[in-house]
Amino acid sequence: NEDGAKHLASHGADEVHWCEAAPSTMLEDYAGAMAETIGTGPKALVLLASTKRSKAIAAKLAVKLAVPCASDVTEATVQPDGSIQVKRMVFGGLAFGDETLRARIAIATVLKSAFEERNLSSQGTVIKSDFSPSNSGIVCKGRKEKTRGDVDLTAAKRIVGVGRGLGSQDDLAMIREFASCMDAEVGCSR
């Protein structure tokens, strides 16, 4: 939405394009129109959130533009030659890998907790675009809000994970106390 676009523009983005998506359209269907806008613009690093939906859009953009795409980025640095050095999670988060993106345009999905939020004195441009979705043949019949707990695990620095191996519900208090000592959040698989 426009408020989200303005928020991003105040945090360092040069341009933020946004559009009002039709309720029955899959967001991924806008990737073609997005690629046309990105492809005709200047050199760019296109950043998206590391969500399942954004990763799908990032992959479609990278294919349509024939450019590199790095997912789950935790650090990004522009090098003197204009390339972009990224550090990203690999092997399902078991390790980190360094990659260099050498292209006029690069796509990256960024983990929510990867970068410190800063307000900058310069304000980027917010552009309302009239992106037209492609017809993938998939129609969204409805949307349901996800039920969210009190904790945002994507922003947690550490997570103590528990599951069915926990003896009883009463043992969860011990786990919460341990997590508190570790400055961690508790995540349960079941």
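Which side chains meet in a salt bridge with an N to O distance of 3.1 Å? Select R53 and E28. A salt bridge here is a side-chain nitrogen of Lys or Arg within 4 Å of a carboxyl oxygen of Asp or Glu. R53 lies in helix 3 and E28 in the loop between strand 1 and helix 2, so the pair ties together parts 25 residues apart in sequence. Helices (H or I, at least four residues) and strands (E, at least two) are DSSP runs, numbered from the N terminus.

**Before moving on**

This is a predicted model, where local features need pLDDT of at least 70, side-chain atom pairs count only at pLDDT 80 or more, and totals for chains, interfaces and linings use all residues. Residues are numbered from 1 along each chain as its sequence is written, and side-chain values use heavy atoms, leaving out hydrogens and water. Colour by pLDDT, the predictor's confidence in each residue from 0 to 100. The protein's mean is 83, and 96% of its residues reach 70 or more. Confidence is lowest in helix 1 (residues 2-9), at a mean of 80, and highest in strand 5, at 92.

Five of them form an open sheet in the order 2-6-3-4-5, with mixed pairing. Strands pair if DSSP finds at least two bridges between them. Strand 2 (44-49) and strand 5 (95-101) stand at the edges, each with a single partner strand, so one side of each is left without a neighbour in the sheet. Now pick strand 3 (residues 69-78) and strand 6 (residues 105-110). They pair in the parallel sense over three bridges. C69 has I107 as its bridge partner in strand 6.

**The core**

Select L48, L61, L65, I105 and I107. Of the 17 residues in the largest nonpolar core, these touch the most other members. Such a core is a set of buried Ala, Val, Leu, Ile, Met, Phe, Trp, Tyr and Cys residues joined through side-chain atoms within 4.5 Å. Buried means under 20% relative accessible area, exposed over 50%, partly exposed in between (1.4 Å probe, protein chains only). A second, separate core of seven residues includes A70, V73, V86 and A108.

The structure holds five salt bridges. Go to K55 and D72, which meet at 2.9 Å, N to O. K55 lies in helix 3 and D72 in strand 3. K55 is partly exposed, at 31%, whereas D72 is buried, at 13%. Finish at E20 and K128, whose closest N and O atoms are 3.0 Å apart. E20 sits in the loop between strand 1 and helix 2, K128 in strand 7, 108 residues apart.
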